[in-house]
Every structure is written in structure tokens, then in C-alpha cells.
Amino acid sequence: MKKFAFIALAYLCFAPVRAVLHAQQAPANVCPRLAEGSAVPEPADLRSQNGVLKVDLSVRNSKDASGARYCYVSADGGVSPTLRLHPGDLLILNLKNELADPTHAASAITSAAANHAHMHPAADKNADACASGAMTITSTNLHFHGLTVPAVCHQDDVLKTSIAPGDPPFEYRFRIPENEPPGLYWYHPHIHGFSKAQVIGGASGALIIEGIERANKEVAGLPERVLVIRDQDLVNPNAPPSKSEPVVPKTLIDLDGDAANTGTGFGQPAKDLSINFVPVPFPDYPPAAIKMKPDERQFWRVLNASAITYLNLAVLFKRTPQQLGIVALDGVPLNQNGVADNSIEWRDHIGVPPGGRVEFIVKGPPLGVPGLLVTRTVNTGSGGENDPNRAIATIESTEDAAEPRSTLNTSPEPLPAPSVPWLGNVAPVRTRRLYFSEKLLDPNNPNSATTFYLTVDGQTPAAFDPNSDVPNIVAKQGDVEDWIIENRSTELHAFHIHQVHFMLLDWFGTPVNEPFLRDTINVPFYDGTTLQYPSVKIRVDFRDPNAVGTFVYHCHLLEHEDGGMIGTIRVEPTDATKPAARGEATKGSPKTIAEAKKQ
Ligand SMILES: [Cu+2]
């Protein structure tokens, strides 16, 4: 559904102008994309050494016929590299903003060179990116999705941190907590009102906390493959659906150009997909190509970095779905509960919401049998976007297939047992209720602009106000809380909370008590027939001292987040975790930039 465009416009108008862009045409290859049908490349890897990963990244964009492209480029030219660190490692990431306004005429897009040479108005040198709060289409910042690092500037604050084009490189500097679960995390911009534009353009990358084979020895020694699935504006928006599809109702397009859910599993998707920047466009979905040795077992780490597209992944041999052995979701091994031993969930399809990750064991097809990675359709509700069935990549079995670059350790030392009781065994101190809702500007026109709300029950629905310092929720460090999140709209939403993970207790009235953690969960849509609005119940973990501070929860469909579906929570320290008293507790996880620099 369409976001309330003038909200974003309002931020543009009120945000201080901190840089004037110099007119210069961007080179076409600023953010390279591969040809349709290409072999799926591995993202570049940047690995920590001696406990430190120091990275210089520039975020860049350019514009071509199919829209604005964004990417991160490292000092050695790697595009949107995978950052690989171990628990306890220090990340020092210098981010240079080289963005230009893509909504401007093409001539206004600046090249990286122009940014370096000309974009330093005197006022910028003193602008404090930590306090700026300026959310514009050319400002940016980073969120380290899934990591339990403090929500403070230079670490994982997204409420005030805003880096303008022309600012000197901005330093992110924090230590990965010693107890961070090994798995797949990711980084992306979180600039309110403009996250969708940047992420759908391709601004995202994977971050891996190494050592998952220490959590689950079943994956020891397996070659690993990182697959980043992104969505992007349609390359062929005017094409009719492929003739090989069943006849489907005429596609409905809402005002912002998204295809409304057809409910058939087919028809024009709202967005195209790409896999490691190999586009797989509508209507023919020419698949990218993966080669594996016959019957080889690999460990696939899949990130749904889409701005609005849900995935429901399956691997087919001929047309038969194969069993995929899920080892971790949302960066956390399934057996992180300290109960299960080498637990693996075998499924023949896996739903992954925008922002979600899934890591699984997959077996390559036997020689001569064609394999296919697909996403099945996701029913997003009558108000949601169309996410049809489509191919993503062929899996060809061949003896001469190159091995992936990385292989997990063959003889891992097991991780220590968790130091806190399993979340499912902790009594919540309270239950809160929240709900998703939407409001049409013109209630009689389903295609009119929509505002998006995520409201604490009892409060008045209001689109997120980035200038408010009053949190929607105040919680206490050390506590565990149950949250019931209801969906009063006719489309699916993906609830995500920063800094912490949660356990799914109940999904649409069915107790599930999942014995593992997530950081993003689908909340089913209201179809007008049930007596109650659909809801999920989650148990949220505020025990980690790194989660102290003010941070956000929101819908991970970035169009919705940008349109107001976001709230703030302040987790207050207990006496034992107040900064002055923390001493030993803060070791290894600095709270301030000054503290980090001392380490
Ligand atoms: Cu949503």
C-alpha cells in the first residue's frame, strides 16, 4: 500500500540543508549489476584479523533506466562486502556518504570524485552527525540488524545519527559481544522516511559472526555460501505476465506502482528480485546460476534484504521440493536455548520476511538432475503487495563446480552453554499490547494515500515523530516481557525490534512456543471474517545490559516504516547496570566512543 508521501516530503522541507550537491553526471558503473542469468557470485569478504576488522566503506548511488542503484564500496573496490567477525572482535567501520539525490535530474547525481573534491561546505565540518537527526534522501546511517550492541551514536543509534554527503567519514566503532550468537546478521541504512529508497536501491550487506559450527557440529566442515536476496523496482513494469503462467486476473496497481496481491500466486510482482546483484526480472524470471558438485552438502546463509518483498524459499529437484535443514534463524542457532543438541529443523520450504535470515543445510542435486531455488507465493492479504511464485536460481550439478570461498571449521570447540536461563523458562514481568493499523486519506478511495501506525494499546495512533524524545514504551533492563501484537489492517506486516531477540509464543491463536529466537516475525493480516484481529504473542528479552537505551521497533516493510509504522522503547538500566556501576559488566562492550577508543 502506498505510503503517505508528504510525510517524507515534510522531513525534506524541515531538515537542515547541510550540503549542496554539485551537478555532475554519475558514471554508470558506480554500483555495478550483473547480467540476467549470470552465475551467482560470492559477495566480497572482509575478515577480522587479530580481533579487529577495520573497514572503509563508501555508500554510493547512481541512476539508470531501471531506477536508482545504491551500494557500499570498500577501499579495495569490493561491492557491499560481507563483514566477518568473531564474538569479542572490534569493528571499526568508517562510512563515507557519497550519495546524491536520485529524484533530481540525472545531471544532479554526483560522482564519487565530485563528492570528494567539492562537497565540503564549511558548515559541514562542524555538523555533529550524532545529533543531527536530519533525515533526507541524501543523508544516511547504518543499522547493524540483529546485533545486541548499544543503541548509541557510533554504535547502533538510528534515531539521531545522520551522515550528510560531504561529511568526513563517520566512524562506527564497537566490540561484538562475547555472547553474540554466531550467525548471519546484516547492515543497512535506517534513515527515517528514506530507508526504502536506499535499501530497495541495493544498500545492504551481510555481517557474519563466525563460529556457527561451534553451536551445531552438524555443519562442521561444510562449504558455506552467502546469498543476499534484494528487491528492486520492476525492470519491465509494462510487460504482460509470461504465457507459461496460468491465466490470472488483471493486475491491480496501487498509486505508488506496487502490484496489489492477486491472491493467485501468479501475475505481476510488486518488485523484481535479485540474488547477489544478479537480477531475476518479471515476466520470465531468467534464473541466476549456481553450480554444485553432485550430492554435495553445503551450508547456505540467506538474507532477505528486500524492502517490501516476502520470500518463501524452496529448493526443487525437477519439480519436487527438497528437505532443507534449518540450523539458524535471524542470526541465532536454533539450539541456542541450551536444551537442544545439534538441533536441525527439516522443512521443504522456509518463509523469510523482509529483514529475516535463514541458514540451512542443502544437498546438491544428483548428476543430471536439474535443481531450482524458488520463492513460493506469499499471501500478503488484500491490501498487500503481490509476491508471486518465481524462480531465483538454477542449481546445476557438475563435477567441476568450484567450491565456495569459505568452509566451516572441521573440528570446532563447542560454544559454552548460555549464561542465562532459556527465555521460554523465564516468567514475564508484564504483558503489553500493540497493534498495526492503517488509515486511508480518503476512506472511500482504496487507492488514496495511507498512513501507517504501530500503536501501544491505549495510546492514540500517531505516525512516528522523529522529533519526539518521549518513548512509546519504557522497560527495565533485566526484565522479560510478553508482547501481543495485533494486525488491524488487511495486509501482512513484519514486526522487528532492534537490539534484542524474542521467542514466538503464539501465532494467530495457536500456541507454538518456538524453542528458538527471532528478531522479525510476520503478523497475519485481517481478512474481515475473524471475530478477533489476528495477532502474535512474543516473549521479549531485555536481560542483556547492551540493550539499555532508547531504540526502535517497527514494521520491516520499509515503505511502512518510512510512512510512520515505528515506535520507540527506552530500556532503563537497573542499578547494577547504570554506567557508573557497570565496571566489569561493560568490559568487551564499550558504551561510549571514548571508552571504545581506550580499548
Ligand atoms: Cu508493514
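**View 1. Isoleucine 497 and its contacts in a predicted model.** Leaving aside residues up to four places away in sequence, isoleucine 497 touches Trp483, Phe502, Asp519, Val540, Phe542, Phe551, Val552 and Tyr553. A contact here means heavy atoms within 4.5 Å. The model is predicted: local features need pLDDT of at least 70 and side-chain atom pairs count only at pLDDT 80 or more, while totals for chains, interfaces and linings use all residues. Residues are numbered from 1 along each chain as its sequence is written, and side-chain values use heavy atoms, without hydrogens or water.

**View 2. The largest nonpolar core and another core.** The largest nonpolar core holds 40 residues. Such a core is a set of buried Ala, Val, Leu, Ile, Met, Phe, Trp, Tyr and Cys residues joined through side-chain atoms within 4.5 Å. Buried means under 20% relative accessible area, exposed means over 50%, and partly exposed lies in between (1.4 Å probe, protein chains only). Trp483, Phe495, Ile497, Ile538, Phe542 and Tyr553 have the most contacts inside the largest core. Another core, of 34 residues, lies apart from the largest one. Ile275, Phe282, Met292 and Ile395 are among its members.

View 3. His493 (ND1), Cys555 (SG) and His560 (ND1) are the protein donors, lying 2.0 Å from the copper ion. Donors are N, O and S atoms within 2.8 Å of the metal (3.2 Å for Na, K and Ca); water is not among the atoms, so the site may look incomplete. Along the chain, the donors of the copper ion follow the spacing H-x61-C-x4-H. Helices (H or I, at least four residues) and strands (E, at least two) are DSSP runs, numbered from the N terminus. Histidine 493 and histidine 560 are both buried.

View 4. Strand 30 (residues 502–507) is mostly covered, with five of its six residues buried. Two strands pair if DSSP finds at least two bridges between them. Strand 34 (residues 535–541) runs antiparallel to strand 30 and is joined to it by five bridges. There, aspartate 506 has lysine 537 as its bridge partner. Strand 32 (residues 517–518) also pairs with strand 30 in the antiparallel sense, over two bridges. Leucine 517 in strand 32 is the bridge partner of methionine 503.

**View 5. The hairpin of strand 30 and strand 31.** Strand 31 (residues 510–511) is antiparallel to strand 30, with two bridges joining them. Tryptophan 507 faces threonine 510 of strand 31. Two residues lie between the strands of this hairpin. Phenylalanine 508 takes a positive phi near 55 degrees in the hairpin.

View 6. Strand 1 and strand 4 run parallel and are joined by three bridges. Arginine 47 stands opposite arginine 84 of strand 4.

View 7. The peptide bond from phenylalanine 282 to proline 283 is cis, with omega near 5 degrees. Proline 283 lies in the loop between strand 12 (278–280) and strand 13 (288–292). Serine 80 is not a glycine, yet has a positive phi of about 45 degrees. Its loop runs between strand 3 (67–74) and strand 4 (82–85). Serine 80 counts as buried, at 4% relative accessibility. Aspartate 295, also not a glycine, has a positive phi of about 60 degrees. Aspartate 295 is in the loop between strand 13 and strand 14 (297–304). With a relative accessible area of 38%, aspartate 295 is partly exposed.

**View 8. The whole protein.** The protein has eight helices and 36 strands. Of its 599 residues, 61% count as buried. Among contacts between residues at least 6 apart in sequence, 79% join residues at least 24 apart. The accessible surface comes to about 22,800 Å², and 54% of it belongs to carbon and sulfur atoms. Accessible areas come from the Shrake-Rupley method with a 1.4 Å probe; for residues, only the protein chains shown count as cover.
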